[in-house]
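Visitor: I've got a new model open and I'd like to learn how to read it. Can you walk me through it, one feature after another?

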Amino acid sequence: MQQPWFRETELFTSGAGGYHTYRIPALIVTSQGTVLALCEGRRYAQYDHGKIDIVMRRSHDGGTTWSDMQVVHADGEHTIGNVSIVQDRTTEKIWLLFCKDNDGVFAMSSDDDGATWSEPRDITTDVKPDNWTWYATGPGHGIQLSSGRLVIPCDHSEGTRHHSPFYFSHTIHSDDHGETWQIGGSTSGSTDECQVVELQDGGLYMTVRSADRSLTTRLATWSEDGGESWSEPEAVPELIDPICEASVVRLTGGGDGRDRIIFSNPASNQRERMTVQMSYDECRTWEVSKTLYVGPSAYSDLAVLSDMTMGCFYERGSERLSESIRFAQFNIEWLTDGADTLE
């Protein structure tokens with residue numbers, strides 16, 4: 001058994017690098033072991049709309065050192081964001097999907113481990129029906145299913161965005177390695193930002209932010225057809241949530257006889273107490289819970305590194321939650337206080 005291990009690095013500091021605020025983290029570890037940490041660089045203010053660009057830092061040594069920040073995509077004064085990123089295991093191409101002004105949907109890709117990116121391709125007409133209004137990809141990471149399908153979690157509204165029944169979670173997918181994208185299934189109303197993990201039986205589990213502000217927990221929904229349809233969302237009392245984005249990712253798939261899926265969110269009735277939890281029974285219960293940071297915190301994204309340590313890329317501050325985005329890295333011994341090990 002290894003000793004419990006934890007470290008944290010501040011990757012984006014609001015006010016630095018020419019941006020007023022950094023928000024909305026997305027994290028992926030490539031097949032080459034490179035860690036890509038992306039977020040929105042909000043040029044003039046902290047608000048969700050305005051001049052917003054996609055920015056990124058990379059690590060080639062498992063999170064020890066990081067490149068300088070680079071701008072992945074900017075489009076004048078437009079709002080570019082809600083990044084969702086996934087790598088195709090067959091082609092090794094990395095796909096980055098995002099929204100422009102929460103209206104248009106675009107896809108760009110990298111063939112060189114995230115060093116350079118293609119020009120964005122407009123896929124709006126393929127994934128957004130005419131009666132959908134506000135639209136957001138992600139945010140965070142997408143997944144590739146065992147079938148090869150690429151799945152991107154999204155959300156949208158129909159009609160007015162001011163009434164929660166008109167908010168919906170949905171997925172989009174590609175069955176040809178990202179060359180074309182189609183709409184998957186949508187949940188019922190009063191649902192919002194979401195992330196997806198594949199279960200051992202081939203089904204999908206979606207963790208959902210409620211659009212109903214009277215609810216104080218996460219929602220969950222399942223798909224048995226690769227995201228073509230979703231069950232009626234159910235409240236998850238174990239997962240306290242202040243109406244915020246959250247992340248979910250598989251750590252292990254039963255190779256040592258134990259399935260492990262990890263989840264992160266600010267587990268409180270307000271945006272604070274960034275917490276990582278772990279399930280050993282395919283998201284039915286959450287046996288392990290460990291607080292990363294007790295103070296103001298909000299959005300997060302999880303990834304598993306090549307050495308099987310875990311990374312949580314999350315918004316954190318001392319007085320306001322958007323002061324920085326930090327990369328916390330830890331092993332399973334730290335997460336479980338020594339009760340579990342991967343050896």
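Guide: Let's start with a single residue. S190 has a relative accessibility of 19%, so it counts as buried, the cut-off being under 20%. Keep in mind that this is a predicted model.

Visitor: Where does S190 sit, and what is its phi?

Guide: S190 is in the loop between β15 and β16, the latter covering residues 191–198. Its phi is near 65°, a positive value in a residue that isn't glycine.

Visitor: Which strand holds R273, and what is its phi?

Guide: R273 belongs to strand β22, residues 272–279. Its phi is positive too, about 60°, although R273 is not a glycine.

Visitor: Is R273 buried or partly exposed?

Guide: R273 has 34% relative accessibility, so it goes down as partly exposed.

Visitor: While we're on the backbone, what joins G138 and P139?

Guide: A cis peptide bond, with omega at about 0°. P139 itself is in the loop between β10 (132–137) and β11 (140–141).

Visitor: Let's move on to aromatics. How is a pair of aromatic rings described?

Guide: You need two things: the distance of the centres and the angle of the planes. Here, counting rings whose centres lie within 6.5 Å, you get 12 aromatic pairs. Take W95 and W181: the ring centres are 6.3 Å apart and the planes meet at 75°, so this pair is edge-to-face.

Visitor: Which parts of the chain does the pair of W95 and W181 tie together?

Guide: W95 lies in strand β7 (residues 94–100), while W181 is in the loop between β14 (167–174) and β15 (182–186), so the pair ties together parts 86 residues apart in sequence. W95 is buried at a relative accessible area of 3%, and W181 is buried as well, at 2%.

Visitor: And how are the rings of F98 and F106 arranged?

Guide: Those two are stacked, because their planes are at 10°, with the centres 5.6 Å apart. F98 is buried, with a relative accessible area of 1%. F106 is buried too, with 15%.

Visitor: Which residues do ring pairs link into a cluster?

Guide: F12, Y19, Y22 and F313.

Visitor: Now zoom out for me. How many helices and strands does the protein chain have?

Guide: Two helices and 25 strands.

Visitor: What does the radius of gyration say about the protein chain?

Guide: The idea is to set the value against what a compact globule of that length would have. For 343 residues that would be near 20 Å, and the protein chain has 18 Å, which agrees. As for extent, the C-alpha trace spans about 55 × 45 × 40 Å along its principal axes.

Visitor: What share of the residues is buried, and what share of the contacts joins residues 24 or more positions apart?

Guide: Buried residues come to 60% of the 343. Among contacts with a separation of 6 or more, 52% are between residues 24 or more positions apart.

Visitor: Last stop, the surface and the charges. How much accessible surface is there, and how many side chains are positive or negative?

Guide: The accessible surface of the protein chain is about 13000 Å², and carbon and sulfur atoms account for 47% of it. On the charge side, there are 27 positive and 53 negative side chains, and the centres of the two sets lie 5 Å apart.

Note on methods:
Residues are numbered from 1 along each chain as its sequence is written. This is a predicted model: local features need pLDDT of at least 70, side-chain atom pairs count only at pLDDT 80 or more; totals for chains, interfaces and linings use all residues. Side-chain values use heavy atoms; hydrogens and water are left out. Helices (H or I, at least four residues) and strands (E, at least two) are DSSP runs, numbered from the N terminus. The radius of gyration is taken over C-alpha atoms; the globule rule is 2.2 Å times the number of residues to the power 0.38. Buried means under 20% relative accessible area, exposed over 50%, partly exposed in between (1.4 Å probe, protein chains only). Contact means heavy atoms within 4.5 Å. Accessible areas come from the Shrake-Rupley method with a 1.4 Å probe; for residues, only the protein chains shown count as cover. Lys and Arg count as positive and Asp and Glu as negative; His and the chain ends are not counted. The place of a charge is taken as NZ of Lys, CZ of Arg, CG of Asp or CD of Glu. Rings of Phe, Tyr and Trp (its six-membered ring) pair if their centres lie within 6.5 Å; planes under 30 degrees apart count as stacked, over 60 as edge-to-face and the rest as tilted.
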